[in-house]
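Thanks for coming, everyone. Have a look at the structure first.

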Amino acid sequence: MSEIPLINLVGPPNSGKTTLFNIFSGKHFKTVNYPGSTVEYSSSDFLDKFNLKAKIFDSPGIISLNANSPDEEVAVESLFYQPNNGIPDLILVTADSSQITRHLLLTQQLIDAGFKVILVLTMNDILNRKNLRVNSGLLSEILGIAVVKVNGRTEEGIEDLITTIKDNLKKPKRNPDHSSLAKFRKKEYIIDTFEKIEKIVSKVIEPINPDIQNANNQLSILNPTLKEPSQQPDALTLKIDKILLHKYFGFIIFLLMMGAIFTSIFWLAAPLMDLVDTLFSSLASYSSELLGNNWYSDLISDGIISGTGAVLIFLPQILILFLILGLLEDTGYLARGAMLIDKPLSKIGLNGKSFVPMLSGFACAIPAILSTRTISNRRERLLTIFIIPLMSCSARLPVYVLLIAYLMPPDKPWLGGFLLSFVYLVSIILSIIVAYVINKFNKSLIKAQDDSSFILELPTYKLPKLKVVLRNSYENSKEYILRAGPIILILSLIIWSLTYLPNNVPEFDKTGLTEEEVLQIEKSERISNSYAAKIGTFIEPIMQPLGLDWRVGVSLIAAFAAREVFVSSMALIFKVTDEENIQSSLISAMRNAKIESTGEPLFTISTSIGLIFFFIFALQCISTLAVSRKETGSWRIPLLQLIIFTSTAYIFTFFIINILKSFGIN
Amino acid sequence: MKKASELNFGEKGIIKDINTLNPSHRRIIEIGFTPGQEIELVNTSLFNDPLTFSLRGTLIALRKIQADCIIVN
């Protein structure tokens, strides 16, 4: 026995499977793609303290061995054979004791298919509160497999489980029968199995203290028609649902709640984002001062430090978004939100489960695309990924703020906030229209056809576990930094090189200029002669129909690293000198800017409005494309997104600008 | 005999059969909608779709089109 045994962990969603995996692995697990698919799984060795040399494999939750989605297919196939690990030696299946009848279906299928199985019963405390318990000894005897009760919170029963695992690993290997899957798909099998399980459950569920009157009451009010000791749904949950899922108020409460979340993402994150911004810009100017005026000083301060700042500036929003979503999910409300919005979303080919990813998209498309994994229907998942870049992510905010500030008459600053809300409203309406249109063509655009469904268990309301929520938002933020961070950083460096190289600064008369002014002139001369300017001149014919010139073109190219780079790139190109107040000096520079060939003003009401619309549509984010490629499994969808959204942006901007001009609005 | 989607708000019914012509029928049985079980329509949202049923001590939301395959009396 030199080979390390492989243990597979399966169970229905919400059956405590992941908690168990975290206990075994001590959270030191690796998450990788299953060979030949985009489905992710985690695997780990057991912690040393368990003194168990074995590998544990955690796969997506399943309620039965009949797979309904790519995730479920992986979970089922991995039980029989894993391309990188071989044949599993032992299956651990979890079941929630308070949902035991429904959760035993999977266990019974595993037994029927001939697997070597250990049943792990979780959530026993919920059942105990009703003065009931599962007689695990009797259950083990009837099922013919080991049954262990475990408390995921106190880790009670874990030791017992480890001993049972060791005992079972010593027993001879079994050869499960893959062909039995066909039998499991038959309606009669599932119904017969449920009847069998109901009989078993009625034997093994017993009152903890039979003398207590309460116990007898509990048992007798159970399902009177069947004498099955299941329970009524949680009474408090039903009461809360009377309000939160009220036919009319329910939807209003939902909209108000989402509105509040949406504004708080921006409102709570704003001071933190300012802090990150200030921190990195002062760090950049400090290092530039320290290193002097040379290329590596520029590389470090303008390239690396500013690039890192571009990654970290969105962290506050992502953290807050996941904190709020995590709290809502942990209370049990998020599943209900998905239910409430399912009907309107199904009209445009989406699913209630698309809602949370779409909401996340307003912070950042990257975590949003990752969170579409909960959508089991492949077509709906792909369509959700497809339209996520249309949600106006927070990187677009600085651009909107700049252009709106330019549009605003200085005496009416309040108009700005109003206009900004209007921009978001327009972007939401346009996304809905685009989703509708894409859905109409989805057979040719998104090549996946299967039946749409919405089947969702609404969990019992409970107080959120802050520790779990904090941990999840930490994990999500880490994932954002690891996935998007390197791409944004590398691109920032490329853009920096394009705007810096070939480092060509012609001689000019320096008499009467301060050192500061000389530096600024050098900077703008360098960028005017840079490769970026050459690319800009090259794309000038594309910019001309929009009434814009190469300087805006270069900034739009630079925005592919991260959209908010548009603002800093404009500041650089328009030779903005005032470090203290970039925005107001940039705006006055924009007001004076003229198109070089014609001498007409470059920024007008029409071109500014046009640019806002360009940013609403255009997919100017390489990180989004990279994540979309990874999650959809090919370049097809990311390329379609890039082409469709960016060309729509261009055409839309063209029409907006020219229609406004034809009405005499310049 | 009627479909679960035709139950009134708060009305209970005992499942008689599941219509196998519905593409979601297998998942619906697997989640616990089996003949003999009592279900109650506990919630109808603004659009009357999806519907929430109480079943085996838990709450399950289904689209109307899926609830169509559950025959109750």
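Start with Lys170(A). It is exposed, at 70% relative accessibility. This is a predicted model, so keep that in mind throughout. Lys170(A) forms a salt bridge with Asp167(A), and the closest N and O atoms are 4.0 Å apart.

Now go across chains. Which residue does Asp342(A) meet in a salt bridge? The partner is Arg63(B), at 2.7 Å from N to O. Arg63(B) is in the loop between strand 5 (58-62) and helix 2 (64-67) of chain B, while Asp342(A) is in helix 14 (residues 333-346) of chain A, so this pair joins two chains. Buried or exposed, these two? Both Arg63(B) and Asp342(A) are buried.

Next pair: Glu72(A) and Arg27(B). Their side chains form a salt bridge, 3.1 Å from N to O. This one also crosses between chains. Glu72(A) comes from helix 2 (residues 70-80) of chain A, and Arg27(B) from helix 1 (residues 25-30) of chain B. The relative accessible area of Glu72(A) is 11%, so Glu72(A) is buried, given the cut-off of under 20%. Arg27(B) is buried too, with a relative accessible area of 12%. There is a third member here. Glu30(B) is linked with Glu72(A) and Arg27(B) in a network of salt bridges.

Let's step back to the totals. How many salt bridges does the structure hold over all chains? The count is 18. Across the interface of chain B and chain A, the rule finds six. There are also 20 residue pairs in polar contact between chain B and chain A, with both residues at pLDDT 80 or more.

What does chain B bring to this side? Strand 2 (12-18), helix 1, strand 3 (38-44), strand 4 (51-55) and strand 5 of chain B each supply at least two residues of the side that touches chain A. By residue class, that side of chain B divides into 15 nonpolar, 15 polar and eight charged.

Now the size of the contact. It takes 38 residues from chain B and 48 residues from chain A. Between them, the two chains bury about 3,800 Å², with 57% of it on carbon and sulfur atoms. Which three residues supply more than any others of the area that chain B buries against chain A? They are Arg27(B), Arg56(B) and Arg63(B), with 19% of that area.

Strand 10 (residues 455-458) of chain A and strand 5 of chain B run antiparallel, joined by four bridges. Take Leu456(A) as an example: its bridge partner in strand 5 of chain B is Ala61(B).

One last stop, in chain A. Thr604(A) lies in the loop between helix 27 (582-592) and helix 28 (605-617). Thr604(A) is buried, at a relative accessible area of 13%. Its side chain makes a polar contact of 3.1 Å with the side chain of Ser606(A). What does Thr604(A) touch beyond four places away in sequence? The answer is Tyr406(A) and Asn666(A).

Key. Residues are numbered from 1 along each chain as its sequence is written. Chains are lettered from A and ligands numbered from 1 in the order in which they are written. Side-chain values use heavy atoms; hydrogens and water are left out. Buried means under 20% relative accessible area, exposed over 50%, partly exposed in between (1.4 Å probe, protein chains only). Contact means heavy atoms within 4.5 Å. Buried area is the accessible area (1.4 Å probe) that two parts lose on being put together, summed over both. A polar contact is a pair of N or O atoms within 3.5 Å; within protein, one must be able to donate a hydrogen and the other to accept it, and residues adjacent in sequence count only if both atoms are side-chain atoms. Ala, Val, Leu, Ile, Met, Phe, Trp, Tyr, Cys and Pro count as nonpolar, Asp, Glu, Lys and Arg as charged, and the others, Gly among them, as polar. Two strands pair if DSSP finds at least two bridges between them.
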